[in-house]
Every structure is written in structure tokens, then in C-alpha cells.
Amino acid sequence: MSPGRFTGLVTVAGMLFLWLPLLVVVLFSLHTTASLSFPFDGFSLRWYERISESPEVRAAARNSLVVATSTALVTLVLATLAAYGMSRSRSRWRAPLSLLFFLPITLPGLFIGIALLIAFSRLEYSLSLVTVTVAHLVYVFPFFFLLARAALERLDPALEEAAADLGATGWTIFRRVTLPQVWPVLVGAACLAFALSFDEFIITFFVVGPDPTLPLFIWSSLRRTIDPSINAISTLLLAFTVLLFVVTFALTSWGERRRRGTVDPLVLTGAQEPR
Amino acid sequence: MSGDPRVRIEGVSHRYGAVAALEDVSLDIADGEFVTLLGPSGCGKTTLLRIVAGFERPSAGRVLLAGEDVTGRPAHKRATNMVFQRPTLFPHLDVFANVAFGLQVAGVGKADQRARVREALELVRLEGYERRRSHELSGGQMQRIALARALVNRPKVLLLDEPLSALDLKIRLDMEVELRRVHRETGATFVYVTHDQREAMALSDRIAVMNAGRIEQIGAPTDVYRRPTSVFAAQFVGDANVLPVDVVEAGDEESTVQLGDTRHQVRCPRPQPGPAWLVLRPEAVEMRAGTPEETPGTLQGIVRDVAFRGTGFGCRIELPALGAQVKAEGRGATPPFDVDDEVGIDWRPESCWLLPRERGDDTPPPPVTSEPESDPAQARA
Amino acid sequence: MSAVAEPPAASPARAPAPRERGLRLGPVLLTLPAALTLLLFLIAPLAAFAVYSFLTGSLYEVSGPLTLENYREIAQSELNRKLARNSLIVGLLAAVSSVVIALPIAYWLRYTTSRTKTLVLFLIVASFLASYLVRIYAWRTILGAEGVINSGLGALGIVDEPLTFLVFNRFAVTLALVHIYLPYVILVIYAGLGPLQPAYLEAAQDLGAGWVQRWRRVVLPAVAAPVGSALLFVFVLSAADYVTPQFLGGTASVMIGVQVQVAFQGTGDYAGGAAISFALLAGFLVCYGLVALGLRLARLDRLRFAS
């Protein structure tokens, strides 16, 4: 049932709608003047020079890197274990656990952020990059879990059963049968977790301490002056996360192709279980 | 206009990119006929059906329904209805809403809907199923509902795209009976697509044998079976032994052909002298036990395989002198021969048929296996 | 009884059959670390949060005893009602707009045979990763009086004075929210269309349905559940948003999320803020329940398509 011209047009319009505003930000990051409006006076890298020299930008970027890396690693371990456990079990706890694991996506960031703020203040634990990492962990978990579980459920259980029949126990099976098959997806999901953590603002806003992450830094810059240096930071942020996504995409499609000989975009985005 | 055929396909060709799915196909289908498009996967039969339905627009040619050119008309504006290979009953609707779908789209009143749905369900012998949902039905039942859903609109032309291929054999055979009955009771024109030649012969008034985008032969099942016009048709419709012979004497009623050392009579009017293909159906092969001396005038062979089939038996006989294998079938409770027996092969002059052959062409093309895979048109789904 | 040949005796002391192993308690225990983490860092804080709403708040602190005073104050507050109404409207607008735009795009993605499909999917998922803040910033610079649109129109000579209706109003807030959630909605609906094979649409067309009827009778019912969940998702997250209204909303379109944020970081009224939050949460739960109930009643919640 080929789609008609109308849906094609809306799709084009939709893509423009999604990307033009972002491209405008990129464009003006290269502006010679401090103005953010037309006419466009010419290209220059001065704003990038300025932010690369700024110690605050460097510090914020470093903080984001630290937080994102920690988040990705911890989530990798926790969510992979959880996904593996869920997919290999038939326990009646699966339903409530599933609910718990997906809860962070359904709650507005406002609630998660404030709840954590309250918790930390109650425990008299001062806000820092640690609290930010914890918050990101909670937020990012469902995304990783979803991807990992989808990948694990796609595996042929007969392979693991064969290994068990040959005498292998749990950890060995995981290490030598499961992991070699799913590691591309896991690495991809970790990259996604990293990117989501790097980008995160809404929850971070409440639990951040004296050291800002990059988005927080952008926010405070907005309070002061709006000039293309913000565009420059934003462009770098955008480029970085998109690059990470490209890596994720390449890895998961390579892994998928190895397994199945073909690539199904739906399955890759974790949006659908394969048939 | 009363003179027009119910369906006329005129010079239809269709390409998918560089691939020609149909080449200059023409066919007239009379009102009330049951015509089957028969052929292996990829031959274009489904493409042709979809063009008649209105899902594809042919690259060239016209389609006329009752004299009206509908080539440019989309499917929902044609007076045809289709039964698909898979039931495609809408899962969010119950049986009533499924069957009444076309009526609801057309704005038919509620009372009329109820009456006509009941009528359609009676036709397929599923009265009372109105409130069921598709996941509560078996495969055969779903296809019958799909049939009802198509027929409730009282289409003049019903198109069926291999509707039985997804069903189990037993159910398929029952469904064939149902289809014939429904065809009789409704009097509608049926255009059927299948790769199963047995099904085609059981159901059709006429069969159009298709190969590589063309219609090779059109005729009543008995004609296509007894008098195939090409080796392809001979091998595709039913089983066939195709042997290279030479026509030495061409007569008005009977001719003589030379096969290896022996000569045989063939009742095939006025063939050309020279090389030809002899088409011999397995059930026409007569086997006589014994050594060459005991069975003069027959082809010498050694039985290589015997298979018991319940209703009879099948044999494969190797003819060492010709380097060919012949399939034979016979009735009887016990196969009369064992492997490695020596036999003589013969047949009656009226039980065989001749087809033209190129000189030097000594091996018949291998029969095309009709696997239940769909043509490119359906592979996109 | 005639002797029946016995099957050969089973070999002794074999390891338990693999199927039995699959049923052991073990695997579920692997979820424990993650579950504990979430319980500790999500459920417990939320519980504390809930308790706060029943206490008395004062300057970044709360004190007992338990009381319903906060909730009573919210219910009577004119301001809160106004904010809630505004949030409701923006949430609904954002949700409905996202879905309406996403439906044709998801349809195109699902049924196109064009090779650009992968590119479009890539663009959608990549845009998903653009930071929330970058998007807000982008729209601010585009819609403002000296923004890209106005300066562009001015440079082209189309307008003399900048269009002020573009920003600092509900329109800008909704636009930004749609921009944020559209990728997600497209993907959810696209996934929902997966089981709807083209054959179903062809069957509908064969039965006389043009595109309007096909959408109404086949496509929309098939994706009712994903659409419902997407609507809820966008509605809930948009209504509770506190950054976008501050940045793009202007004075007339403050939303309730802002009120909460201010309560916690501005006035320090923890209890009051908590009460608003949980009232909101209760409202959201009611919405979830209504949508789920609606889908169940229409029997659209668990459709099984033949493959």
C-alpha cells in the first residue's frame, strides 16, 4: 500500500521542522558578529576559540564527561544484569519489576529531580556530581533496559540450553554464549546512556551542586548574555551526541547483520520486538 | 453491452524496474466462468490478478470490466472483490463488522447489513458466527469469513489469490468443494490464482497456464491435460514423461515415431516429420514383466524405485538404451514389480501426445517446481 | 500380557534437563541490584516526597504533624487553578499536535518502498538526541523579536515591524514541546504500525474504502493503543514542564510546573510544592486510567494481527 504524496510531503516538512532550528543554532555559532539575527555577516570560528579558552566551559564539559561515563558504566552493569534476569526468568515478579524499571520514563523529570533533592537533603548529603550521577542513573536506566532486554530476548534460547546441557553454569553461559552475541547492542546502549546523560537538564537542575554539567552551564550562561558562544557550546554538544549515535547505530546494525544477515530499522531503535 | 466479456485483459504488460513481470497478456473471461491462472511462482499470475483488482497499474495495456475501461481506476472504485492469500480479517472487528465492512463503507442501512451478512454467512456455512473475533477462528474458518466478506458485496467478479495455500491439506480439499458450491450458487465470475495444478483442474472451467509473464495455454482442464501445447504446460499440469522421438511417418490419424530401437504408433493428427517430444502421462505407461525377448516392441527398462501410495503405486523405470527415466503409475493393492526387475514399457496410441522439438535438443527442460512462494508483488509486504 | 520391548534404561545421574533449569529462581535474582537501586533512589525519595505533602512547610524545611492543609490550600487557590488550566491546555495542545503530525510521517515510514526510509529514520532518531536545552534555546533565538524569523522577514522586506506574536506565549511553548517530543511519538506510532501488513489496507481498499475510510476504519483503530500511550506521554511531560514556559512562555502562560520549581528553589515551601506535585501526579494517574479503560472497552488494547 504505497503511501501517497501527502504523507511524503508531511515527512519532508517534519524533517525540516526537526532539524532546521538545530541547524540555525549551528549556523550562528559560526557568525562573525555577536548578533543572532539576519542578515548573516560571515563565517568565523571566534566563538569556538572563545569557549575553548574558557576554563568554565572546559570544567563543565569535563564534569559532564565524568558523570556520563560513570552513568553509562553503572547502568551497563545494572541494566544488563536486570535484563538478563528478566528475560531468562518466568517468575511472577516480572510484571511488578517491569513496572519499576520503566517508571522513570513515565514520570516527569520535575518529580524525579525534586524527590531526589528531598532525599539528599533529608540524608544531609550535599549536592555534587555524585548526586547528579545518581539522578542520571535513575533516568537513563529504562532506556538501556529496554534495548538490552529486546536484544536478549531475540537470542535463540536453544544455544544457551545446549551450553547448559554440555555442563556450563550460569556465569560461563553468559560469558561465552550470550555476551558474544549481544555485546554490540550493549555497547550501543551504553553509548546511548552516555549521550542521554550528557544531554540531561531537567532532573540535573535540581540535584546539581557547585560543579555544573555542560547543559547546566549553558543555562547559567543564558542568564547572563545571549551570544553565539552559547551556539558554539550547543553545536559541540549536538555534534558530540550525534556522533555517539552514529557509532551506536553502526555497532548495533553490524551486530544485527552478523546475527541475521539483514537489518531491520525498527528492531534497531528498540522500538519493536523482531518477529 | 451484452456482447462484452465480463473481464477483458488486453495486451497487458508490466515491469518492476528492469524486470518484466507480464508480457503482452490478453484474456477474455465470460460471465459466470471460473478461470484459473496457473503457474509457478514468479510467472506473473498474482501480478495479473492485482492489476485486474486495481492494486497495480499496468505499464501497458488495458483492463475492461463489462466493456468499461477501468485501467486507471483505483481498487476501491472497481466492482471486483478479492480474497487474499492470508485471511486479513480485521482483528479489531468481530465477524459481523468484518463481513459488513464493504456494506458499511458504501453506506448500506443497518437492517440491510444484518440481512446480507446473515445471507453471506449462510453461504459459507458459518451462520451464527457474527459475534466471534478472528483469533477465535481456525484458518479454514477465517478464509470462509474472508470469502463471505468479499461476496456480501455481490461483486460481479471475485478474485482469489491462492486462498487455500496457507491451509492444511484436508481443509484445503473441503474448501475446494465449498468454493465450487459457492461458485454455482452465486453465479459470479471467479478468477483464481494458484500454483497447485491439481486444485486448478478440480475447480476451473478454464485454465490459463502461465510461464515467465506469458500465457502459454488456455483451455478446459481436460484439454490442457490431454493436449498440452508446450513442454512447460505438459510438465506443469500433472506429471509427465517427456521423451525425445523422431516422427518417421506422419499420417492423418495415426503417425509412427521412432524411439531408440523401437517404433510406436501415436494418435496425434498430422505432426511434422522430424524431431518431436512425446508426452506420456504416468498413468498411461503400461509395464510388462519380462526380458527383452519376452516383450518385443516395448522399451526395455529396469525398475529403480517403487512407491506405494495407498490408492495405487508409482514406479521409476530407467531406460538404459535411451539414458532416460520414466515415471509410471498404476492401480492395485500390491505393486506388481520390485526394484531391479526387468520390464518392457509400452502405451496405447491414443494415450500420448506430440509436441514440436528442436533438432539437437535431446534433454527436456527440468520441470519447474511450484513452491508456494509468492511473486515479487507480494514479497514487499 | 505379551512382552513389550522396554526402552533402554536411562543413563544414571544425568544433569537435570535444560528446561528445568530455566525455571529456577536464579535469573530473577539478577534483577536485584537494579531493583534495589531504583527502590532506594526513586521509590523511597518519592515516598518521602509524598509524605512531605502532608506536613507543614516553611523555608526549605518541613515539620509535623500530618495535615491536609496543603491540599486544601491548593484546592482553594485561584492561582493554582489558573496554572493548572494553562498546563492542561498546553499539554493537550502539545500532545494532539505531536500525534497529528506524527501519524502521516509514521505511515510514510511504514509503507514506503523508497530507499530514503533509512535516512529519515536516522534523522528522526538522531534528532531525539538533541539536548532539551539546546532546543529551547534554538526556538528562543528563532522566534524572538530579533530572532531568525523576524530578521529574515525584515531583511526580505516582507514585514516592517517584528512579529511579536511568535514568542512569549502559549504558541511558542507548544511549538517547542512538540519539537521535543515529536521524534518519540513518530517512533512509537511507527512501531505500532508494524503488525498492520499492507494486505489489510489492500483488503480495505478492495472493499471500497478510500483513504479517509481506510484511516478511520483500519489504520487508526490499529494504532489506537500506541497513539493513546503517546498522547499520555506527551501530555504528562508537557503539562509538568517548568523550563519551557519560563523561557518561551511569557507572563501570561506560566504553567504549574514552574510553580513547583519555584516552591522548591525559590520560596522554600517544600510541603506546598510537594502537595501540588502529588495532586498533579494523581491527576496524571487518573488520565492513564481513563485512557487504559477506554482502550479496553473499545477492545483496542491488545490487537493480534496475523503475520
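Colleague: How many helices and strands are in the secondary structure of chain C?

Modeller: Chain C has 15 helices and two strands. Keep in mind that this is a predicted model.

Colleague: What radius of gyration does chain C have, next to a compact globule of 307 residues?

Modeller: Chain C comes out at 27 Å. A compact globule of 307 residues would be near 19 Å. The C-alpha trace spans about 105 × 65 × 35 Å along the principal axes of chain C.

Colleague: What share of chain C is buried?

Modeller: Of its 307 residues, 52% count as buried. Chain C exposes about 14100 Å², and carbon and sulfur atoms supply 67% of that.

Colleague: And charges on chain C? How many positive and negative side chains?

Modeller: Chain C carries 21 positive and 14 negative side chains. The centres of the two sets lie 13 Å apart.

Colleague: Switching to chain B. How many helices and strands there?

Modeller: Chain B has ten helices and 20 strands. Its C-alpha atoms fill a box of roughly 80 × 45 × 40 Å along the principal axes.

Colleague: Last topic. Which chains share the most contacts?

Modeller: Chains A and C do, out of two pairs of chains in contact.

Colleague: How far apart are the closest C-alpha atoms of chain A and chain B?

Modeller: They lie 8 Å apart, and no contact joins chain A and chain B.

Definitions and conventions. Residues numbered from 1 in each chain as written. Chains lettered and ligands numbered in written order. Predicted model: local features only at pLDDT ≥ 70, side-chain atom pairs only at ≥ 80, totals over all residues. Heavy atoms only, no water. Contact = heavy atoms within 4.5 Å. Helix = DSSP H or I, 4+ residues; strand = E, 2+ residues; numbered from the N terminus. Rg over C-alpha atoms; globule rule 2.2 N^0.38 Å. Buried < 20%, exposed > 50% of the residue type's maximum accessible area, 1.4 Å probe, protein only. Areas by Shrake-Rupley, 256 points an atom, 1.4 Å probe, with all protein chains shown as cover. Lys, Arg positive; Asp, Glu negative; His and termini not counted. Charge placed at Lys NZ, Arg CZ, Asp CG, Glu CD.
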